[in-house]
Amino acid sequence: MPGMISAVIATLNDEARLEATLAALTAPAIDGFVREVIVADAGSTDATLAIAEEAGARIVTTKGTAALGEGCAAARQPWFLLLKAGTRPQASWEQAAWRHVNDHSDRAGWFRLSLKAGGLEARALELRAALEAGLFGRLRAEQGLLIPRRLFDEAREWRPGPISLPLRLGRGALQPLNARILA
């Protein structure tokens with residue numbers, strides 16, 4: 001698998017959660033599939049940035065909600081893996097991502113949410129997240145998004161403002177990945 005992904009992790013005072021996300025990216029980075037990891041920080045005052053630096057991630061800091069966009073602007077690869085600190089793509093996500101990149105190069109791919117909590121309420125939340133993503137193009141930040149740079153740039157230019165990126169893309173530009181993300 002040739003490298004082509006920049007992982008961009010959104011953070012804000014996430015010292016307790018960031019290591020788990022970074023650890024999930026270690027094997028794909030060693031394999032060369034994830035070429036760079038960028039921590040897009042919105043103004044952390046805890047040890048988040050020290051953890052990111054120790055892990056070898058590039059750090060982009062901006063106050064407020066612009067951090068993720070700034071992180072993507074700094075990215076060098078043609079695909080972005082957008083993650084929230086504390087989430088972890090589950091085993092074999094790289095194969096699902098590779099298939100998506102090859103088969104759906106004009107679409108963004110979303111992960112199915114898998115919550116750590118047990119019980120019926122957690123399963124109902126997972127189902128609701130999948131239905132909202134599939135039917136309406138509404139993703140939760142915890143679900144993660146694999147998106148080509150071109151599509152990210154088009155969505156940002158087409159409709160600036162507080163509307164979330166998946167809604168800007170529209171349901172037709174989103175494809176479920178055959179992979180889960182643990183939140």
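Trainee: Is F33 buried or exposed?

Mentor: F33 is buried, at a relative accessible area of 1%. Buried means under 20% relative accessible area, exposed over 50%, and partly exposed in between, with a 1.4 Å probe and protein chains only. This is a predicted model, where local features need pLDDT of at least 70 and side-chain atom pairs count only at pLDDT 80 or more, while totals for chains, interfaces and linings use all residues. Residues are numbered from 1 along each chain as its sequence is written, and side-chain values use heavy atoms, with hydrogens and water left out.

Trainee: What kind of ring pair do F33 and W98 make?

Mentor: Their ring centres are 6.0 Å apart and the planes are at 70°, so the pair is edge-to-face. Rings of Phe, Tyr and Trp (its six-membered ring) pair if their centres lie within 6.5 Å; planes under 30 degrees apart count as stacked, over 60 as edge-to-face and the rest as tilted.

Trainee: Which residues do ring pairs link into a cluster?

Mentor: F33, W93, W98 and F111. The whole structure has 4 aromatic pairs.

Trainee: Changing topic: what is the strand order in the sheet?

Mentor: The open sheet has 8 strands, ordered β3-β2-β1-β4-β7-β6-β8-β5, with mixed pairing. Two strands pair if DSSP finds at least two bridges between them. The edge strands, each pairing on one side only, are β3 (58–61) and β5 (88–89).

Trainee: What packs on it?

Mentor: Helix α4 (residues 67–74) does, touching β1 (5–11), β2 (34–41), β3 and β4 (79–84). Touching rests on contact, meaning heavy atoms within 4.5 Å. The direction of α4 makes about 150° with that of β2; axes are lines fitted to C-alpha atoms, for helices over the stretch in contact, and angles run from 0 to 180 degrees between N-to-C directions.

Trainee: Why is β4 called largely enclosed?

Mentor: Because 5 of its 6 residues are buried.

Trainee: How does β4 pair with β1?

Mentor: In the parallel sense, over 6 bridges, with V8 bridged to L82. With β7 (residues 145–148), β4 pairs in the antiparallel sense over 4 bridges.

How values were computed. Helices (H or I, at least four residues) and strands (E, at least two) are DSSP runs, numbered from the N terminus.
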